[in-house]
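Morning, everyone. Please bring up the structure on your screens, and we'll walk through it together.

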Amino acid sequence: MEYKDYYKILGVARDASQDDIKRAYRKLARKYHPDVSKEPEAETRFKEVNEANEVLKDPDKRAQYDALGTGWHAGDEFRPPPGFGDPRGAAGAAGGTRGWQRAEGMSPEEAAQFSDFFSSIFGDLGGAGGSGGGGLGGDGGFSGQAGGFSARGADQTARLRVSLADAYRGATRQLSLEVPEIDAKGQVKARIRTLNVRIPAGVTEGQQIRLAGQAGGGVGGGEAGDLYLEVEFAPHPIFRADGRDIHLRLPIAPWEAALGATLSVPTLGGKVSLKVPAGAQSNQRLRLKGRGLPGKTPGDAYVQLEIVNPPTTDAAAKAAYEALAERFKAFNPRAQLGV
């Protein structure tokens, strides 16, 4: 079935106050009321507006709806999580005795005006029982409570910026997150939570670190969702990561490239010796096996050579270049271009 974004239908933000929701509903209800509206599909829109208002104006229903998470968009295919869609909730479906108390004054015909999506969250409201006021429209509507409703909290995803040094060695870092909560007035408030996060050695960019039970709280006593931290690497001044492999550009002098040399090279694990072969060229790549990020199969470090010429700041330096040019005047570095 299609997921319904009740906030989008009413044109309000997810942290809208109850007064904001009430104002938005009244405005749209007047606009799309079938008796007076000339808008296309006014009756359909009027039903959608009523349904959205029925959920968002009630703090309990709003909390149950928000427990689905924020990763949905209108038009997405919706599959109810366990416990949603059974009038008794997850606990009732498993054999509990506490059931759904149908809203007072709601006939099966009135309840039928709501979508399958609504029923999948709040159960079949067309059952037996109830009398008194309420009904669709205005600020009335359902007043019943899902006595036995229970649902697991939504999983959440956040980004965690990690240095390459921490990714190499592992570390424990503190992370502060804003967690949305609905207060007694039905308003969404942000609460700051501080967590200690263990960063495992060898973590790679894009990998997710799971913190069980650290996301949104459950509804009706349901367990909390999991928090997934997606790792992103902070920029490093000399290293670049590609999976577990680490890349580095290494400046070398012309004579080191021409004659060969053994050079000290930085890696995440410290300095190592690298043998540059005689006749090395710019952009040539040399591999340091196993010197990348650790793991069951450790990554490698790739060193890309970059020949850097010394400056000609005095007559002696200029004379040295002139002697070099004279010695290799037959050498044409652009021969392969035909020039």
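This is a predicted model, so keep that in mind. Let's start inside. The largest nonpolar core has 38 residues. Those with the most contacts inside that core are L160, L227, L229, L250, V303 and L305. Take L229. Leaving out residues up to four places away in sequence, L229 touches A158, L160, L175, V197, Q207, Q208, I209 and L211. There is also a second, separate core, with 24 residues. Y3, Y6, Y32 and V55 are included there.

Now, the aromatic rings. How many aromatic pairs does a search of the whole structure find? Three. Look at Y3 and Y65. Their ring centres are 6.1 Å apart and their planes sit at 10 degrees, so this pair is stacked. Y3 lies in the segment before α1, and Y65 in helix α4, so the pair ties together parts 62 residues apart in sequence. Buried or exposed? Y3 is buried, at 1% relative accessible area. Y65 is buried too, at 0%.

Y7 and Y65 form a tilted pair: 6.0 Å centre to centre, with 40 degrees between the planes. Y7 is in helix α1, Y65 in helix α4, 58 residues apart. Ring pairs link Y3, Y6, Y7 and Y65 into a cluster.

Next, a sheet. Four strands make an open sheet, in the order β6-β7-β11-β10, with mixed pairing. The edge strands are β6 and β10. β10 pairs with β11 in the antiparallel sense, over four bridges. R287 stands opposite Y302 in β11. And the charged end of R285 sits over the ring of Y302, 4.4 Å from its centre.

Terms used. Residues numbered from 1 in each chain as written. Predicted model: local features only at pLDDT ≥ 70, side-chain atom pairs only at ≥ 80, totals over all residues. Heavy atoms only, no water. Core = buried A, V, L, I, M, F, W, Y, C linked by side-chain atoms within 4.5 Å. Buried < 20%, exposed > 50% of the residue type's maximum accessible area, 1.4 Å probe, protein only. Contact = heavy atoms within 4.5 Å. Pairing = 2+ DSSP bridges. Helix = DSSP H or I, 4+ residues; strand = E, 2+ residues; numbered from the N terminus. Phe/Tyr/Trp six-rings, centres within 6.5 Å; stacked < 30°, edge-to-face > 60°. Lys NZ or Arg CZ within 6 Å of the ring centre and 35° of its normal.
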